[in-house]
Number of protein chains: 2
Amino acid sequence: MAPHRGRGIYIFDAIGTLFDGSVLVDRLDRRFPGEGVALAAAWRATQLRMTWLRSLMDAYEPFDRVTRDALAAVVGAAGREATDVDLDDLAKMYGELPVYPEVAEVIETLVDLGSTLAILSNGTPAMLMSLVERSGLRERFAVVLSVDAIRVYKPHPAVYRLASDHFGVAPRDVRFVSGNAWDCAGAKRFGFDVTAIDRVGTGVLEDLGERPDRIGRDLRVLIDADRHAGASAMNSRPVGDEV
Amino acid sequence: MAPHRGRGIYIFDAIGTLFDGSVLVDRLDRRFPGEGVALAAAWRATQLRMTWLRSLMDAYEPFDRVTRDALAAVVGAAGREATDVDLDDLAKMYGELPVYPEVAEVIETLVDLGSTLAILSNGTPAMLMSLVERSGLRERFAVVLSVDAIRVYKPHPAVYRLASDHFGVAPRDVRFVSGNAWDCAGAKRFGFDVTAIDRVGTGVLEDLGERPDRIGRDLRVLIDADRHAGASAMNSRPVGDEV
């Protein structure tokens, strides 16, 4: 593998990769005391489940709608009540998530090294613009790509193709970064070079027949990988000792 | 709606509709004492999640393989160990599930009324043959259709098309029956007449933009619906009072 410094195209997933959804726990806990952790986990799981099912049954609805539907379902299943205003306010939080602590520094460094950065997300264009604007990093991204353009969610291959087509490169020339194991599997299946981010250290592999090229605890693994490019094709924690 | 006695084509989902997966709880509990309920729920959820993700990312593997992978993932996530023999033995149970108590009587009655019955399932052909043979009802089904023929799982529309194509009828002429809410949503989206079976009474609706035509606590709702056909288009518990 030749050194790739300065020539990389990095495609980042948004939620759970650049943007930290864990703030939703506190918000939910204030509204439903003692239930924030459970509701946040169920909300995320239901939201993703709905994106997969809607994609498979060809019944796409935008991510903000699905996010709100999922919250309503989860609150209802927990036997709690929420007004429309509650649901709107909580769902809107998805456009207001902060970046993880190391994100700004890593993004700036990659740009300084000459890389091209982009976002590829399930989020709506409006949600993503809101997130990127708030992060102060908008100018660092060449483009923000939403699945809304093709009305099917990750991990459908058409989503990943959006990114390689946008830059006119082969899939193997795209360095994809995600904190969602199933997203990593879909991206790897499509042919991207994949870095999996495992922030909680519990393992990010999902048995879908694919393995990421490397795993890091946060985005700094990308800088390490860039620095050591050319010395080794496996320049971070090797994949395979992950459980 | 005209009376349809004697002319119905009924397509049944298998697992959770005709065949009772709850026996897996006891088997898991014997192997992992105290954890049977949690493991069984996680196993089923992970198994389905894998079918949806593999379908979306175009990485089909047969249901027996996915079922075993899901069990291994769930046991690992619970911090428990299982040998290959354990996994094989437990996964094989999916071909050995009993029918729910009322199934035989309802199936016999529908056949007596002149209806045509079939199964449409995610299961492999071998798994389904094993289930149907053990039920003693093999002769009652005109055909057992598996998604394995098209290598994509429910709720992809191509799965439901397998059934209407097999019988050469329009989707609206197929009476589809399932205990899985997401399956009901996919079938309704495709255009089938859908009866949702809600055995635990906790509600079988999933907010995917579709509603079944009727809901029953078990398969006897089909006989009631058949008896009253012509009197009312909504001849069982109406849909809409379900939470």
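Analyst: Chain A and chain B bury about 2,400 Å² between them, and carbon and sulfur atoms give 67% of that area; buried area here is the accessible area, taken with a 1.4 Å probe, that the two parts lose on being put together, summed over both. On the side of chain A, the residues that lose the most area to chain B are A:Leu56, A:Met57 and A:Leu208, which together account for 31% of what that side buries. This is a predicted model, in which local features need pLDDT of at least 70 and side-chain atom pairs count only at pLDDT 80 or more, while totals for chains, interfaces and linings use all residues. Residues are numbered from 1 along each chain as its sequence is written, chains are lettered from A and ligands numbered from 1 in the order in which they are written, and side-chain values use heavy atoms, with hydrogens and water left out.

Counted by contact, that is, heavy atoms within 4.5 Å, the interface takes 24 residues from chain A and 25 residues from chain B. Between the two chains there are two residue pairs in polar contact, both at pLDDT 80 or more; such a contact is a pair of N or O atoms within 3.5 Å, where within protein one must be able to donate a hydrogen and the other to accept it, and residues adjacent in sequence count only if both atoms are side-chain atoms. By residue type, the side of chain A that touches chain B divides into 11 nonpolar, four polar and nine charged residues, with Ala, Val, Leu, Ile, Met, Phe, Trp, Tyr, Cys and Pro counted as nonpolar, Asp, Glu, Lys and Arg as charged, and the others, Gly among them, as polar. Across the interface the rule finds zero salt bridges, a salt bridge being a side-chain nitrogen of Lys or Arg within 4 Å of a carboxyl oxygen of Asp or Glu.

As for the arrangement, a rotation of 180° with 0.0 Å of shift along its axis superposes chain A on chain B, with an RMSD of 0.0 Å, and the two copies are thus related as by a two-fold rotation axis. The superposition is by least squares on the C-alpha atoms of residues with pLDDT of at least 70 in both copies. Of the interface residues of chain A, 100% are also interface residues in chain B, so the copies meet through the same surface.
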